[in-house]
Amino acid sequence: MAIETLPREALLAFYASFAKIAPVKVLMKCSNTTKLPPGLPSNVMTLPWIQQIAVLRHKNTRVFITHGGLMGTQEAFYYGIPMIGIPVFADQIKNVRILVNKNMACMLNPDNINEETVDAALNALLKDPKYR
């Protein structure tokens with residue numbers, strides 16, 4: 001799922017939550033920024049392509065937001081990066097549930113993304129050491 005395809009309300013929830021964690025920087029892969037609503041927080045950088053492994057292995061990476069596909073979750077697990085999983089279909093739901101049960105992820109329902117759920121997930125992963 002491309003970030004720009006999320007409903008406007010979900011994107012605005014991410015914006016609000018990302019602004020609250022500043023000065024933490026957020027990298028967001030977005031192929032078409034013209035489809036994003038205005039108001040992107042200043043601590044968010046959008047790029048059309050991000051080399052995932054380079055980011056996951058970086059010493060400052062603290063959270064990875066993913067749809068829960070097998071490769072991305074394996075890569076984040078390998079580098080010890082906790083995840084926010086937003087599963088959409090197929091194996092993604094099972095993958096994210098396994099990670100949640102192992103204290104490696106928080107799961108967001110793609111149909112119920114709001115500022116409170118994003119805040120809760122980010123705060124848990126950034127502040128609770130059980131996720132590292």
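**Ground rules.** I kept in mind that the model is predicted, with local features needing pLDDT of at least 70, side-chain atom pairs counting only at pLDDT 80 or more, and totals for chains, interfaces and linings using all residues. Residues are numbered from 1 along each chain as its sequence is written, and side-chain values use heavy atoms, leaving out hydrogens and water.

**Asn43.** I found Asn43 in the loop between β1 (26-29) and β2 (44-47); strands here are DSSP runs of E, at least two residues, and helices are runs of H or I, at least four, numbered from the N terminus. Is Asn43 buried or exposed? With a relative accessible area of 7%, Asn43 is buried (buried is under 20%, exposed over 50%, partly exposed in between, with a 1.4 Å probe and protein chains only). I then looked up its side chain: a polar atom there lies 2.8 Å from the backbone oxygen of Val24. Beyond neighbours within four places in sequence, Asn43 is in contact (heavy atoms within 4.5 Å) with residues including Phe18, Ile21 and Val26.

Leaving out residues up to four places away in sequence, Phe14 touches Leu6, Ile65, Ile86, Leu108, Ile113 and Val118.

**Gln51.** Last, I visited the loop between β2 and α2 (52-56), where Gln51 sits. Gln51 counts as exposed, at 55% relative accessibility.

Note on methods. Polar contact = N/O pair within 3.5 Å; in protein donor to acceptor, adjacent residues only side chain to side chain.
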